[in-house]
Amino acid sequence: MIFPLVWRVLPGPTALKVIELLVLLVLLVFVLFTWVFPYIAADILPPPDGTVDSTPRP
């Protein structure tokens, strides 16, 4: 698994490792939401339909 490998590679005592893992997790989520997910959505999802039907209905 990847988690034990990351835990062994991180320097410092246990409390510092927990803080480092939280920072890495926040950075990972930031990168995913900023660059990865928009890039994927632009390729997979169709463009949004920006038109609104303004004709009144009887």
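**Notes on the aromatic pairs and overall form**

1. Phe 37 counts as partly exposed, at 39% relative accessibility (buried means under 20% relative accessible area, exposed over 50%, and partly exposed in between, with a 1.4 Å probe and protein chains only). This is a predicted model, in which local features need pLDDT of at least 70 and side-chain atom pairs count only at pLDDT 80 or more, while totals for chains, interfaces and linings use all residues. Residues are numbered from 1 along each chain as its sequence is written, and side-chain values use heavy atoms, with hydrogens and water left out.

2. A search of the whole structure finds three aromatic pairs (rings of Phe, Tyr and Trp, the last by its six-membered ring, pair if their centres lie within 6.5 Å; planes under 30 degrees apart count as stacked, over 60 as edge-to-face and the rest as tilted). One of them joins Phe 30 and Trp 35, whose ring centres are 5.9 Å apart with planes at 85°, so the pair is edge-to-face. Phe 30 is partly exposed at 49% relative accessible area, whereas Trp 35 is exposed at 54%.

3. The rings of Phe 33 and Phe 37 have centres 5.2 Å apart and planes at 90°, so this pair is also edge-to-face. Both residues lie in helix α2 (residues 14-44), four residues apart, which is about one turn of the helix (helices, H or I of at least four residues, and strands, E of at least two, are DSSP runs numbered from the N terminus). Phe 33 is exposed, with a relative accessible area of 57%.

4. The secondary structure comes to two helices and zero strands, and buried residues make up 7% of the 58 residues.
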